[in-house]
Amino acid sequence: MADSVSTSVCVYGRTLAQYEQIFDFQATDWQGDRILDCSGGPASFVSEANALGIAAIGVDPAYDPDLEVVRQRIEADIDTVVQLFPIISAQLGDAAPDPALVEGSARQAAAGFLADFEANRDRYIQAALPVLPFDDRQFDRVLCGNFLFIYASDDGFNYPFHYQSVLELYRVCDREVRISPTRGSGGGSHAYVAQLLSDLTAAGIPAELKAVRDPVYGETQMLLLTRPAA
Ligand SMILES: C[S@@+](CC[C@H](N)C(=O)[O-])C[C@H]1O[C@@H](n2cnc3c(N)ncnc32)[C@H](O)[C@@H]1O
């Protein structure tokens, strides 16, 4: 199993509008809900959601107590991703996102995140999957974007890590968990997805794949886990 705090995972984030696309929701429908963003990274979701009346908090191993450590890591990782754009574009061809659009939104998200991280530190908890410091069913909804599946590897964040992490996300949710995207590096569902669906079903946890429409990054699918009403 991988180290729970990995330097190989990019601390790179999206805006609330991009979350609405990769997780297929309208933020105004979730006003008053308690939401956990795991891994929140430098996404501006928590900041923007709270401004709309959603009780959102973020959790991420990169939430160092020292703001400057966090700021420098984010800036370095955005620069790294920007340098990788030509390689990513060559691999994805027509499906490649517009580099200017992606860099602009990442910097916008990071600015929103950093301002809120400085002003409202209680919204940001430093912790790492597969163990979260929250009570059972503490959140109505749990979002997990651009961490599971994306960084999966049999000698790093392997299948047991994924299964334990998904069970932990489910433990702290009262209603649902959304995990997006679910694709593997060659497109299509990641190889762990079928095993996860089978193991979750065996554990009595309702889980299904749902279509999403993400025009920026081209994501097409998320994994939805629901908790049946008691
Ligand atoms: C690409 S960012 C995604 C941020 C945000 N969810 C988004 O979609 O914009 C991936 C995040 O995973 C975090 N991470 C790394 N190891 C982790 C772990 N064991 N548990 C939870 N998050 C982890 C990194 O610190 C990083 O911020």
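**Salt bridges and aromatic contacts in the predicted model**

Asp174 is partly exposed, its relative accessible area being 25%; buried denotes under 20% relative accessible area, exposed over 50%, and partly exposed the range in between, computed with a 1.4 Å probe on protein chains only. The structure is a predicted model, in which local features need a pLDDT of at least 70 and side-chain atom pairs count only at pLDDT 80 or more, whereas totals for chains, interfaces and linings use all residues. Residues are numbered from 1 along each chain as its sequence is written, and side-chain values use heavy atoms, with hydrogens and water left out.

The chain has a mean pLDDT of 93, and 97% of its residues reach 70 or more; pLDDT is the predictor's confidence in each residue, on a scale from 0 to 100. Over residues 1-5 the pLDDT is below 50, and this stretch has 12 contacts in the model beyond near neighbours in sequence, a contact being heavy atoms within 4.5 Å. Where pLDDT is low, predicted coordinates should not be read in detail.

A search of the whole structure gives 14 salt bridges, defined by a side-chain nitrogen of Lys or Arg within 4 Å of a carboxyl oxygen of Asp or Glu. In one of them, Arg137 pairs with Asp174, with the closest N and O atoms 3.8 Å apart. Arg137 lies in the loop between β3 and β4, and Asp174 in strand β5 (residues 173-180), so this pair ties together parts that are 37 residues apart in sequence. Helices (H or I, at least four residues) and strands (E, at least two) are DSSP runs numbered from the N terminus. Arg137 is partly exposed at 40% relative accessibility.

Arg171 forms a salt bridge with Asp136, with a closest N to O distance of 2.7 Å. Because Arg171 belongs to helix α5 (residues 159-171) and Asp136 to the loop between β3 and β4 (139-145), the bridge ties together parts 35 residues apart in sequence. Asp136 is exposed at 54% relative accessibility, and Arg171 is partly exposed at 24%. Glu176 and Arg178 also meet in a salt bridge (2.6 Å, N to O), and both residues are buried. These two residues belong to a salt-bridge network that also links Asp33, Arg141 and Arg175.

The structure holds 17 aromatic pairs. Rings of Phe, Tyr and Trp (its six-membered ring) pair if their centres lie within 6.5 Å, and planes under 30 degrees apart count as stacked, over 60 as edge-to-face and the rest as tilted. The ring centres of Phe113 and Tyr124 are 5.3 Å apart and the planes stand at 90 degrees, so the pair is edge-to-face. Phe113 in helix α4 and Tyr124 in strand β3 are 11 residues apart, and their pairing links distant parts of the chain. Both Phe113 and Tyr124 are buried. Phe157 and Phe161 form a tilted pair, at 4.7 Å centre to centre with 50 degrees between the planes. Phe157 is buried at 5% relative accessibility, as is Phe161 at 0%. Elsewhere, ring pairs join Tyr19, Phe23, Phe25, Trp30 and Phe45 into a cluster.

The charged end of Arg121 sits over the ring of Phe117, 4.0 Å from its centre; such an arrangement requires NZ of Lys or CZ of Arg within 6 Å of the ring centre and within 35 degrees of the ring normal. Arg227 lies over the face of Tyr170, 4.3 Å from the ring centre.

Asn120 is located in the loop between α4 (99-119) and β3 (124-125). Asn120 is partly exposed, with a relative accessible area of 23%. The C-alpha atoms of Asn120 and Ser47 are separated by 8.8 Å, although the two residues are 73 residues apart along the chain.
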